[in-house]
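Subject: Structure for you to look at

Hello,

I am passing on the structure we talked about, and I would be glad if you opened it beside this message. Please look through it once on your own before you read what was found.

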Amino acid sequence: AAREQYSEAASYFDKALELSPGLFEARIGLAICMGGLGNFPEAEANYQKAIELRPDFAGVYYNLGFLYHQQGLYEAAAAQYEKTLQLKSDFVQALANLGKVQQLRHNPGEAVAVYQRALALAPREGSLYMDLGSSHMDLADYAAAKAAYQQAQKLGVQSGRLFHDLGVISQQ
């Protein structure tokens, strides 16, 4: 699975589950493989079974959220990222993805709040400043967007979007 040989890996996970139906790690592995193969319903079913086995494991909710995110099911993705954060409030990637989902749901104000939470935990993540800047742009808060983009730049982010948006801000 780590080498993205999902069909081969799935056969091993299936065998593991045949021998040990309650093996949580194999259930997660099979879910990841099914998602990698584009079999989203089977991936979702396996994540749900994993949740039944270990409802206190934040990573399974995160993975399920990411599966929904990939499919454009943003409301469902947001719900799973929120469950992740209820169990593990310092899960930075869950915060980052929740922010992206909020942007995609056209909730830039909520995205700003989420990115700020993430940056309180990971202040050296340039990509979070990029996303924060983008959300501020959506709110037409150009001063805040510029500050976020400049911080991303200081942290080594180089992207066309960064320079494009700074150019737009300069015209305001």
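A residue is called buried here when its relative accessible area is under 20%, and exposed when that area is over 50%, with partly exposed in between. By that rule, buried residues make up 42% of the 172 residues in the chain. Please keep in mind throughout that this is a predicted model.

To begin with the overall build, the chain has 10 helices and 0 strands, and its C-alpha atoms fill a box of roughly 65 × 30 × 25 Å along the principal axes. Among the contacts with a separation of 6 or more, 41% are accounted for by residues 24 or more positions apart. The accessible surface comes to about 9100 Å², and carbon and sulfur atoms hold 51% of that area. As for charge, there are 14 positive and 18 negative side chains, and the centres of these two sets lie 5 Å apart.

The aromatic rings deserve a separate look, and a search of the whole structure finds 3 aromatic pairs. The rings of F24 and F57 have their centres 5.2 Å apart and their planes at 80 degrees, so this pair is edge-to-face. Since F24 lies in helix α2 and F57 in the loop between α3 and α4, the pair ties together parts that are 33 residues apart in sequence. F24 is buried, with a relative accessible area of 7%, whereas F57 is partly exposed at 32%.

In another pair, the rings of Y62 and Y81 have their centres 5.7 Å apart and their planes at 40 degrees, so the pair is tilted. This pair links helix α4, which holds Y62, with helix α5, which holds Y81, across 19 residues. Y62 counts as buried at 13% relative accessibility, and Y81 counts as buried at 0%. Finally, Y62, Y81 and F91 form one aromatic cluster.

Best wishes

Definitions and conventions: Residues are numbered from 1 along each chain as its sequence is written. This is a predicted model: local features need pLDDT of at least 70, side-chain atom pairs count only at pLDDT 80 or more; totals for chains, interfaces and linings use all residues. Side-chain values use heavy atoms; hydrogens and water are left out. Helices (H or I, at least four residues) and strands (E, at least two) are DSSP runs, numbered from the N terminus. Buried means under 20% relative accessible area, exposed over 50%, partly exposed in between (1.4 Å probe, protein chains only). Contact means heavy atoms within 4.5 Å. Accessible areas come from the Shrake-Rupley method with a 1.4 Å probe; for residues, only the protein chains shown count as cover. Lys and Arg count as positive and Asp and Glu as negative; His and the chain ends are not counted. The place of a charge is taken as NZ of Lys, CZ of Arg, CG of Asp or CD of Glu. Rings of Phe, Tyr and Trp (its six-membered ring) pair if their centres lie within 6.5 Å; planes under 30 degrees apart count as stacked, over 60 as edge-to-face and the rest as tilted.
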